Each structure stands twice: as structure tokens, then as C-alpha cells.
Amino acid sequence: MKSLFLIRHAKSSWDTPVQDINRSISQRGIKDAHLIASRLVKLIPKSFIVWSSKAKRAVETAYIFSEYLSISFENIYFKEDLYTFDDVNLLKIIKKCKNEHDNLILFGHNEAITNFVNKFGDLYIDNVPTSGVVVLQFETDNWEKISKGKTITTLFPSQFKNE
């Protein structure tokens with residue numbers, strides 16, 4: 001069994017004109033990332049590997065989540081190829097995960113994440129929001145052979161805004 005935790009980066013700041021890859025997260029993004037990371041703590045398995053896009057907003061989101069999930073920042077693998085908005089590329093990257101890892105936590109970008117969860121999960125999601133988490137489970141022991149799986153959990157900021 002393989003489990004994939006897809007986390008969309010927190011809300012971007014558009015206050016400064018910078019290249020897309022260098023865009024930071026906004027104050028709302030920081031707040032939402034803390035909110036969701038605090039909820040994710042009880043769902044995290046004992047062992048996992050963490051990958052993140054090298055985009056600044058994904059790195060900053062991964063850093064916030066790492067504080068809650070007791071992940072050493074040095075143990076997050078920042079990957080250039082995760083700066084993708086294409087679910088086909090995302091699938092190719094995920095299939096490269098070593099089979100010794102049953103759980104992959106991945107910080108990435110939309111359209112790739114929403115399209116991926118709709119192709120490989122069993123729950124249609126119109127749009128995975130910023131700071132949103134979708135956990136998919138696959139009935140295989142081989143990342144290269146993942147196919148249609150089950151959507152186990154969704155954690156979106158809007159679910160907790162009234163608390």
C-alpha cells in the first residue's frame with residue numbers, strides 16, 4: 001500500500017512584481033498553512049519522505065508544515081521538476097519515488113494537483129485550494145504501478161474557518 005499526501009502551496013502574495021518561481025506566500029497563506037498543518041499532525045504516518053517544489057511559495061509552505069510535523073528541514077528534498085503545473089509531469093515524478101517509502105508527502109502546485117487527484121482519486125474535487133491537502137491511497141507496493149486509488153482525506157482551510 002502506498003499513500004500520497006498532496007499539499008498545494010499556501011496562498012501567494014502578489015504585492016511585489018517578481019518572477020513566478022520567486023513569489024512568496026501572503027499573510028493569509030501563512031495563517032492557512034498553520035491552520036491546516038496543525039490538523040494534519042494526527043494523520044501523518046510514522047515514516048515518510050517529503051518532496052517539495054523549489055518555488056519560494058512551496059518552500060515557505062513546506063517550512064511551516066515541517067514545524068508542526070516534526071520534520072527536519074534538511075530532510076525535505078527540494079526538486080526542480082516539481083515546479084510543474086501539469087499532472088502528467090507530476091505523475092512521472094511520483095513514479096520515481098523509491099519503493100522503500102510507503103508514504104510520500106509532496107508540496108506542489110495547481111493545476112497539477114487538482115487534475116492529479118481527479119484522475120487518481122475516487123472523489124471529484126473542483127479545485128484543491130491553496131494550503132489544501134488531499135491524501136490518496138494506492139493498492140500497490142510499487143510507485144511505478146500506481147493507478148486509480150482512494151481519496152482518504154481532504155483538509156481545506158474553508159473546513160475550519162468557523163472554528
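Colleague: What should I know about the numbering and the model before I start?

Modeller: Residues count from 1 along each chain as its sequence is written, and side-chain values use heavy atoms, with hydrogens and water left out. The model is predicted, so local features need pLDDT of at least 70 and side-chain atom pairs count only at pLDDT 80 or more, while totals for chains, interfaces and linings use all residues.

Colleague: OK, the sheet. What is the strand order?

Modeller: β3-β2-β4-β1-β5-β6, an open sheet of six strands with mixed pairing. Strands are DSSP E runs of at least two residues, helices H or I runs of at least four, numbered from the N terminus. Two strands pair if DSSP finds at least two bridges between them.

Colleague: Which strands sit at the edges?

Modeller: β3 (76-79) and β6 (150-155), each pairing on one side only.

Colleague: How many bridges join β1 to β4?

Modeller: Six, and the two strands run parallel. I7 has F107 in β4 as its bridge partner.

Colleague: Switching to helices. Which residues of α3 are buried?

Modeller: In α3 (residues 87-94), they are D87, L90, L91, I93 and I94. Buried means under 20% relative accessible area, with a 1.4 Å probe and protein chains only.

Colleague: Why do they line one face?

Modeller: Down the α3 axis, the buried residues fall within an arc of 160 degrees, so they line one face of the helix. That arc is taken over directions from the helix axis to the C-beta atoms.

Colleague: What covers them?

Modeller: The cover includes β1 (2-8), β2 (49-53), β4 (103-108) and α4 (112-120). α3 lies across β1, β2 and β4, at about 145 degrees to β4. Angles run from 0 to 180 degrees between N-to-C directions, with axes fitted to C-alpha atoms, for helices over the stretch in contact.

Colleague: And what does L90 touch, sequence neighbours aside?

Modeller: Leaving out neighbours within four places in sequence, L90 is in contact with L6, L82, T84, L106, A112, I113 and F116. Contact means heavy atoms within 4.5 Å.

Colleague: Last topic, the largest nonpolar core. Which residues touch the most other members?

Modeller: Of its 25 residues, L4, L6, L90, I94, L104, L106 and F116 do. A nonpolar core is a set of buried Ala, Val, Leu, Ile, Met, Phe, Trp, Tyr and Cys residues joined through side-chain atoms within 4.5 Å.

Colleague: Which element gives the most to it?

Modeller: α4, with five residues. Apart from this core lies another, of 23 residues, among them I7, I25, I64 and F65.

Terms used:
Buried means under 20% relative accessible area, exposed over 50%, partly exposed in between (1.4 Å probe, protein chains only).
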